[in-house]
Amino acid sequence: MRRRWSGVIRTPLGLTAAVLTVAVLALAVLGPVLWGTGADVIDTDDILAQPSAGHWAGTDNLGRDILFRVLVAARLSVVLALLAVAIAVVAGLLLGCAPFLAGRRLGRLVSAAVNIAVAFPGLLLALFFAVVFGVGATGAVLAIGLAGAPAFARLTQTLVAGVAARDFVAAARVAGVGRLRILFRHVLPNIAEPLVVNATISAGNALLSFAGLSFLGLGVQSPSYDWGRLLYDGIGAIYVNPAAALAPGAAVLLAGLGFNLFGESVAKRLGIGTGPSVAPMARTAPAPEAHTEATPTDVVLDVRDLEVTVPGEAGPVRPVRGVTFQVRRGEAVGIVGESGCGKSLTALAVTCLVGDHGRVDATRLELLGHDLRAPDTAVRRGILGTSLAMVFQDPMTSFNPARRVGGQLAEVATHHQGMTRRAAADRAVDRLAAVRIPDADTRARQYPHEFSGGMRQRAMIGMGLMGTPALIVADEPTTALDVTVQQQVLDLLAAIRAADDVALVLISHDVAVVRDVCDRVMVMYAGRIVEDLPAADLADSARHPYTRALVDAVPDMTTDLSQPLATIPGRPVAPADVPPGCAYAARCPLADARCRAEDPPLTADPDHRVACWHAGEPLPDRQSADQLVESP
Amino acid sequence: MTPTVATPIRTGPLARPWVRFGARRLGRLLVSLWVLVTASFAMIHLIPGDPVRGALGPTAPAELVAARRQALGLDDPILTQYLHYLKGLVTGDLGTSLSSRLPVSDVVAQRLPATLALAVLAFLAAVVVAIPLGVAMGVLTRRGHGRRTELAFTTTSIIVATIPDFLIGVALVYVFGVRLGWLPVAGDDTAAAYVLPVFSLAIGPAAILARIVRVEMVGVLDADFVRTARAKRLPARTVYLGHALPNAVTAALTLSGLLLGAMVAGTVLVENVFAWPGLGSTIVQSILTKDYPVVQAIVLVYGVGVLVVNTVVDVALARLDPRSLIRED
């Protein structure tokens, strides 16, 4: 904890705040000692003077030196503020811990009262208490202290509730430890840090509030003076000697900022970590190749040498390392692989959705002959918006929670197809019905949270059908769904494909799903395609050891359930440390020295591409080891 | 994890989330109002010693004190006084000012508009500045962008937000009133007179609000549904303003309710800097002269203002984010 606090002074803001805080505390101790007598020297020949060499901030209406008075006032200002904070903390802790200590009913009453009190601004509470306790320093301390209590109580209550729900508190309770003892032994030590931080911020606020009350004439009364009182005296003479108001104003501001920013810096330091930065990355991708060979007209998606680079902790990493494939009209292509193999990033890259998260390079990236690497224009957006549909993994989070489902579908039509709102809304209802959402008319007017998961995923597909898509890219569309709903969604995708000759790229970690739905399967490993084969050949004719291991890991009706299920030993390669040779070598039973030194290229046979030096060689007996690590 | 059963389409008014939300919210408002009214009633009784003696001073004749106590009903049983107070509130009778002998309701009616104008204008100014600023900053500093901009903006906004409004007011009086002489520094007679008070009241909340909007924006821009919006190939403007903003603004709205509440109270200090003829300068005068009926009434007015604002914000929140309707169930 100490190291984390000391880290605060390493930021410029934190250091400034810490220096200010220490300076204010030192001034509070030393101010009256050093300048106490000077501040009370009355010089009636020199009243309300402008700043001069003798009086740097001028004099007040009795000829007293304002600078000295400001320096001396530090002690009273700081002491009163700290007293007020102490009251706020003690009262807040008592109220905040009450729900934990007292019974349920009393606890609820206390927290309801705190909730009501928190709704009122602190200054209003302070005025209320100032009336009750009377005008003066004592009244003001009580007023500001008690006014700060509800906020502190609420904070304590939240923190206590958070800790109380944890296992070790439950364990202590089961062990019969008394509530008070649990509070002091287990709960308070765990919430001390945020409480101290907030008390520091409160000290700054109390200092400023106190100045406010004194400035209103409700705080410190003459002949005592704090900064607020000096400000109150000075503002009346602001036209005669502005320094009389500005000097105490500046003092209270600096002191308040010091405490406040110190607390904020500590809070930020404790609360928020700094993630890896997305610094500019080196451009190492091959230069775009000239369009020498014409793309066959039935090719919907044409991808060559696709690379995606993202920032990593130790420099840029490349989770997709040169992927080349084509998708023809009406074709269903599956991309399978373990998590981290780059299949989702490939999907985002071919749909131009990588955005700020990384860089996409390719020698060719075309949808229906349109270059997707071209700059974003309204025309391009129109083409993409109507001819490319995307289905994401998590239907719970992929709809905008604040807008009605129908409207979210309709805006595709208003933006890209020039429809009126009315027509677009009708089309949305029509599309929802098309994806078999019952009562589509009513459902369109509902919000996403009123839909079930499967229904939401169907609506997402319906959103893609607002245009006339030539390609649907579905990234793990069934992973977040229940098994019973999964089949509905897959059937729907199949039906759409059959009806309109729409191509489908289905990304999944589930070999069985891909085998059932797709015509062709591409197997990815460590950012590359290692095998690309007809789905029908998957079971018997797979040639890459990795593909064969994936297929073997899928249990079927003939699997001997008395034996442990097959797994692939080892873990997938992290994108940050891909070895020089074949990335799969470390886990491969066939690997030899060549595999470890030289990366096998993907063979050119268009019907069955494979990247392996030992493609099709018989595998030794299966060995069981770690679990297959699947995509989330 | 995923609910498989859809929320049934409800029919009938009582089953509607809005009705339940309204009933619950109304209940909370009524309880808060009762607490407020009781607190303002109790205030005068919590003062140690005799408030009338305190108000009239130690030299006032005993008969006068007794007569005044009689007039205020302070000698009645406490419950009678409480019921009398409640009855007065319902009929709009807030008592009589001890110093001016005017009905308190007249004092409030005369002073309220200036305060209301100040608070509302300042709030609008803060929102109008803060939301575009926060959105722009959120877009500029979204994940992987503008780390220096983020640091500069965050630091500046924290500092600006920490400076109390009355100190900003004093500084503004000095610069624009004393040094430059451009703007009036007292009263509410001209439109120009509004500039400095509104500015001093608005700048802090604007900084806080802009900060929250930025943080929310940055978070929302990373959300899945923003990716969906981009997948629909909507123009950037629509993605930011149509999809991200409504989700970013809910937290800002919750906060702006608190800020408006704080602003209502903030007017007290700012009014005293600028000699603004509103409730804020009146309550301070009344506290100093121990004119308790006026203080009671003004505390009540501020409190009601805060409660109304909070309720309005909750309703607006429910409209913007329909999930909040069922969240508390």
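Biologist: How do helix α3 and helix α6 of chain A cross?
Modeller: In this predicted model, the axes of α3 (residues 66-101) and α6 (residues 137-164) of chain A come within 5 Å and cross at roughly 40°. Axes are lines fitted to C-alpha atoms, for helices over the stretch in contact, with angles from 0 to 180 degrees between N-to-C directions. Helices are DSSP runs (H or I, at least four residues), numbered from the N terminus.

Biologist: Is that crossing left-handed or right-handed?
Modeller: The crossing of α3(A) and α6(A) is right-handed, meaning the near helix is turned clockwise from the far one by less than a right angle.

Biologist: And which residue classes make up that contact?
Modeller: The contact of α3(A) with α6(A) has 23 nonpolar, six polar and no charged residues. Ala, Val, Leu, Ile, Met, Phe, Trp, Tyr, Cys and Pro count as nonpolar, Asp, Glu, Lys and Arg as charged, and the others, including Gly, as polar.

Biologist: New topic: how many residues of chain B touch chain A?
Modeller: 67 residues of chain B are in contact with 71 of chain A (C-beta atoms, placed from the backbone, within 7 Å).

Biologist: Which element gives the largest share on the chain B side?
Modeller: That is α10(B), with twelve residues.

Biologist: Where is confidence lowest in chain B?
Modeller: In helix α13 (residues 324-327) of chain B, at a mean pLDDT of 56; pLDDT is the predictor's confidence in each residue, from 0 to 100.

Methods
Residues are numbered from 1 along each chain as its sequence is written. Chains are lettered from A and ligands numbered from 1 in the order in which they are written. This is a predicted model: local features need pLDDT of at least 70, side-chain atom pairs count only at pLDDT 80 or more; totals for chains, interfaces and linings use all residues. Helices (H or I, at least four residues) and strands (E, at least two) are DSSP runs, numbered from the N terminus. Two residues are in contact if their C-beta atoms, placed from the backbone, lie within 7 Å.
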